[in-house]
Structure formats: C-alpha cells, structure tokens
Protein chains: 2
Amino acid sequence: MQSFTEENYLKIIYHLSQNHDEAVQTNAIAEKIQTKAASVTDMIKKLADKELVDYKKYQGVKLSPAGRAAAINIVRRHRLWEVFLVEKLNFKWDEVHDIAEELEHINSAELIERLDEFLAFPKSDPHGDPIPDKSGKFDALAFIKLNKLKPEDRGLIMGVSEHSSAFLRHLEKSGLTLGKMIKIIEINDFDGSIELTLEQKNISVSREVAKHILIKL
Amino acid sequence: MQSFTEENYLKIIYHLSQNHDEAVQTNAIAEKIQTKAASVTDMIKKLADKELVDYKKYQGVKLSPAGRAAAINIVRRHRLWEVFLVEKLNFKWDEVHDIAEELEHINSAELIERLDEFLAFPKSDPHGDPIPDKSGKFDALAFIKLNKLKPEDRGLIMGVSEHSSAFLRHLEKSGLTLGKMIKIIEINDFDGSIELTLEQKNISVSREVAKHILIKL
DNA sequence: GTTTTTTTTTAGATTTGTCTAAACATTTAG
DNA sequence: CTAAATGTTTAGACAAATCTAAAAAAAAAC
C-alpha cells in the first residue's frame with residue numbers, strides 16, 4: 001500500500017502524462033503538487049525504489065504498469081466520490097473537487113465496489129470524465145476541444161478539462177453545462193474568441209475558456 | 001484544525017472518560033491507541049499547548065471544553081458514516097468500524113451536514129450509540145446492561161458497548177441484534193451466565209457478553 | 001514508613017516528507 | 001561551439017510523530 005502522499009504523486013504523474021506522451025518533468029510535478037523540485041526528486045526516488053515509476057536522473061519519470069494501475073484506482077475512487085457528492089448529497093459540480101481529494105485516499109476496496117453499485121455503476125463523473133471500472137479499464141474520452149471547432153459545427157458539451165471552482169462557476173453562469181447543445185457561429189480572428197448559439201441565445205466564449213470545454217460532434 | 005493523529009487522541013480520551021469521571025491515564029491511552037506511553041506523553045503536551053486538554057504531570061488528562069467539542073464532532077462524523085455504510089451501502093454492523101475510522105477524519109463541515117440530511121438525521125448508529133447533533137448535543141443513552149437484569153425482566157436490545165468485529169459477529173449468530181425483545185429466565189449462580197428467551201427460543205448468554213449488551217426495559 | 005512495583009516522563013534517536021542552498025546537467029542563445 | 005539560462009539533483013537541516021532506554025514520581029506491598 002502507498003501512503004497518502006505517495007498516492008498524490010502517482011495521481012499527479014498520471015494526469016500530467018495524459019496529454020504529453022513523454023516522461024513527466026520534475027518541475028511540472030512540483031508546481032501541481034505545490035512543493036519544491038527538491039522534494040519531488042526525493043519522492044520520485046522512493047517511488048522508483050518501490051517500482052511504481054521508471055526514473056532516470058535528469059530524464060523525468062514515467063509510471064510503471066504497477067504505478068499506472070495504482071493511479072487509475074485513485075482516479076476511480078475520486079470520480080466515484082464526486083458522483084456521490086453531486087447526485088446524493090446535492091453538491092454543485094464546482095464544490096466537490098476538494099472533498100473528493102480527501103475521500104479518494106480512504107483505503108477499502110470493498111467500500112469502493114459498494115459505492116459503485118450504490119451509484120448504479122456510473123460511466124462518468126460530474127465533469128464528464130470517464131470512471132475506470134474495477135479492473136482499471138475505461139474508454140479514453142474521444143471528445144474535441146471547443147476551440148478546435150469551425151463555424152457551423154454543432155455539438156454536445158460532454159466534459160471539461162479544467163476543474164477549478166472558478167472555471168466551473170463561470171461555465172455555470174454562462175449556461176455551459178454538461179449535455180447542452182451548442183452551434184458555432186463565428187470565430188474572432190483577433191483574439192480567437194468564439195461566438196456560439198446556446199439555447200436560442202448567442203454568447204461569446206473566450207479562447208482560454210473554449211480550450212477546456214470538451215465537445216461531441 | 002487538528003491533525004489526523006491529534007483527532008485520534010481526542011477521540012480516545014473522550015471515550016475513556018465516558019465511564020470513569022476521573023482524569024484519563026497515560027497508559028490507558030497508549031493501550032487504546034496502540035502506541036507507547038512515551039509517545040502519549042509527547043502528544044498530550046502538544047494538545048495541552050493547544051488548550052484542548054488540561055494536563056498536570058503524572059496526573060493524567062481531561063478534555064477542555066474546546067477539546068470535548070472537537071471530540072464530540074469526531075464521534076458525530078464517525079457515527080454518521082457508520083449509518084451510511086450500513087443503510088446505504090449494505091455493510092454489516094460488524095464491518096463498518098474500521099472504514100468509519102478513516103472517514104471520520106474527512107475535513108468538511110458542509111459534507112457532514114449534507115450527509116446527516118441525506119440519512120434523514122438519524123438519532124443513533126448501527127450499534128445503538130447516539131449521534132450528536134450539529135451543535136454537539138445528544139441524549140446520554142440511559143440503557144441498562146443486560147447483566148444487571150433479574151429473572152422475569154423483559155426488554156429491548158438497544159445497543160452495544162463493545163464494537164469489535166468478533167463480538168458483533170457473535171451477537172449476529174445468536175440473533176441478539178438491535179430492536180429484538182428478550183426476557184430473562186434465570187441467572188446461573190456459578191458463572192453469571194444468563195438464560196433468556198429470544199423469539200420463542202431459549203438461549204444462554206455469558207456474563208462477559210451480557211455486560212456489553214444495552215437494554216431498554 | 002521504607003521498599004518494591006507500577007506508571008509516567010525525559011533524553012536522544014528514527015522515519016517520513018519537506019525545505020534551502022549549492023552543485024551539477026541539460027537546453028537554449030548567441 | 002561556448003556561454004548563459006533553465007531545470008534537476010545532492011547535501012544537510014527541520015518538523016511531526018514515533019520509539020527505546022533510563023530517570024523520576026506515585027502507588028502498592030510489606
């Protein structure tokens with residue numbers, strides 16, 4: 001078993017290696033985990049000793065198969081708890097991240113299987129992220145970022161790739177929530193902002209925001 | 001806010017001072033918390049610095065008002081999670097203690113209030129222990145231990161004062177679960193074991209077991 | 001009312017995860 | 001291709017919670 005802290009490192013390394021395929025850099029981990037590069041190096045060595053990551057000095061880290069399995073399990077726990085918090089306890093989607101961050105470390109396989117069953121085996125969490133099954137399998141989400149769409153394109157909002165409370169509250173206020181249909185009107189050449197139709201109304205979405213909204217065409 | 005470890009100490013001190021009214025001894029804490037007396041002394045000093053306990057060298061500790069409030073809050077969280085685990089996730093009453101022991105340290109007042117509401121504000125946990133309300137108030141349970149009853153007495157099983165899995169499984173097997181009606185037939189002079197009627201059948205309960213079963217007449 | 005036993009505390013070491021400051025490696029720029 | 005800038009690691013220190021061994025206080029036994 002891993003400690004609370006080790007689990008956090010594994011999870012962060014997992015998330016950071018989702019986008020890029022390369023090894024994850026020390027500084028990137030340090031920034032995400034709110035610590036110093038030196039501390040990251042220390043922890044990476046520990047994880048390498050436990051064969052949870054592959055590590056070569058100055059070359060960054062990659063998760064080993066065992067490390068990846070552990071990380072996916074943490075992600076599974078996190079997302080199931082988020083579903084619980086939103087569906088059963090009526091939290092808003094922007095309020096659940098920090099609490100799930102604590103709950104994900106509760107150490108009981110039985111608990112998670114029963115929670116999964118209680119929630120009727122959800123396939124995705126309140127932000128549209130897929131929930132790995134018991135064995136760690138899940139569909140990679142094949143959605144397109146809103147900023148990649150062209151005028152006249154239509155699609156459904158399926159998820160977000162940024163989970164900060166501020167971002168989610170902004171979406172909420174604009175009505176850009178999961179399941180909504182949108183249609184691109186035009187893209188502003190100057191700042192990349194996107195004008196689109198949402199429920200019969202036209203709104204403008206900045207490029208920065210659009211990058212974090214996931215669309216199914 | 002207290003650390004995970006500090007919370008555990010407060011909880012243990014609270015439970016140990018439930019029965020006896022005197023100050024709690026270092027060794028008693030050490031035994032419960034599975035550690036050494038020296039470690040307990042260190043932690044007690046820390047808690048005394050934070051004014052969560054009153055402590056005089058060699059005289060044991062008592063909870064301060066602030067310490068008691070913190071402890072009761074932990075007990076509240078623990079018992080609410082136990083209700084959740086049994087009622088919603090279908091755990092058995094002998095399986096929930098260890099998981100609740102972890103869940104009780106999740107740090108969110110909002111979470112607990114919403115959980116309480118979701119569970120419809122339960123008054124007691126699966127072992128019959130009362131659940132303190134948001135402000136820390138709860139009825140001291142005024143039940144009688146089974147070994148204090150006399151022949152011909154009737155009563156309902158309302159709770160237990162021992163939470164080990166082994167004990168609870170034993171009760172389960174004998175059918176001695178919460179809400180059941182019992183009637184004392186006779187008490188064996190020799191070993192203090194009690195013969196009683198439970199659902200039309202006569203069974204014998206050892207004195208040791210009877211001491212931990214709480215009855216409402 | 002000493003002596004013995006038990007309980008508690010102190011002193012100093014250990015482990016986990018962190019930090020700062022300095023050294024080292026790699027990448028980027030000129 | 002060397003020099004500067006950036007990124008990473010090492011060395012040594014620190015805080016939290018624990019431990020062992022020894023000293024000190026309190027309680028129990030005689």
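The contact between the two protein chains takes 13 residues from chain A and 13 residues from chain B, two residues being in contact if their C-beta atoms, placed from the backbone, lie within 7 Å. On chain A, helix H5 (97–103) and helix H6 (109–118) each supply at least two residues of the side that touches chain B. H6(A) gives the most to that side, with 4 residues. Helices here are DSSP runs (H or I, at least four residues), numbered from the N terminus. By class, the side of chain A that touches chain B has 7 nonpolar, 3 polar and 3 charged residues. Ala, Val, Leu, Ile, Met, Phe, Trp, Tyr, Cys and Pro count as nonpolar, Asp, Glu, Lys and Arg as charged, and the others, Gly among them, as polar.

This is a predicted model, in which local features need pLDDT of at least 70 and side-chain atom pairs count only at pLDDT 80 or more, while totals for chains, interfaces and linings use all residues. Residues are numbered from 1 along each chain as its sequence is written, and chains are lettered from A and ligands numbered from 1 in the order in which they are written.

Of the interface residues of chain A, 100% are also interface residues in chain B, so the copies meet through the same surface. Chain A is superposed on chain B by a rotation of 180° with 0.0 Å of shift along its axis (RMSD 0.2 Å). This is the relation of a two-fold axis. In chain A, the C-alpha nearest the axis belongs to A:Leu103, 3.7 Å from it. The superposition is by least squares on the C-alpha atoms of residues with pLDDT of at least 70 in both copies.

The table covers the surfaces near the DNA strands. A residue is near a strand if its C-beta atom, placed from the backbone, lies within 6 Å of it.

| DNA strand | Surrounding residues | Closest residues |
|---|---|---|
| C | 20 residues | A:Ser3, A:Ala38, B:Gln25, B:Asn27, B:Ala38 |
| D | 20 residues | A:Gln25, A:Asn27, A:Ala38, B:Ser3, B:Ala38 |

Near DNA strand C, helix H1 (4–19) and H3 of chain A and helix H2 (26–33) and H3 of chain B each supply at least two residues. H3(A) gives the most to this surface, with 5 residues. The surface near DNA strand C has 6 nonpolar, 9 polar and 5 charged residues.

Near DNA strand D, at least two residues each come from helix H2 (26–33) and helix H3 (37–49) of chain A and from helix H1 (4–19) and helix H3 (37–49) of chain B. Here H3(B) gives the most, with 5 residues. The residues of the surface near DNA strand D divide into 6 nonpolar, 9 polar and 5 charged.
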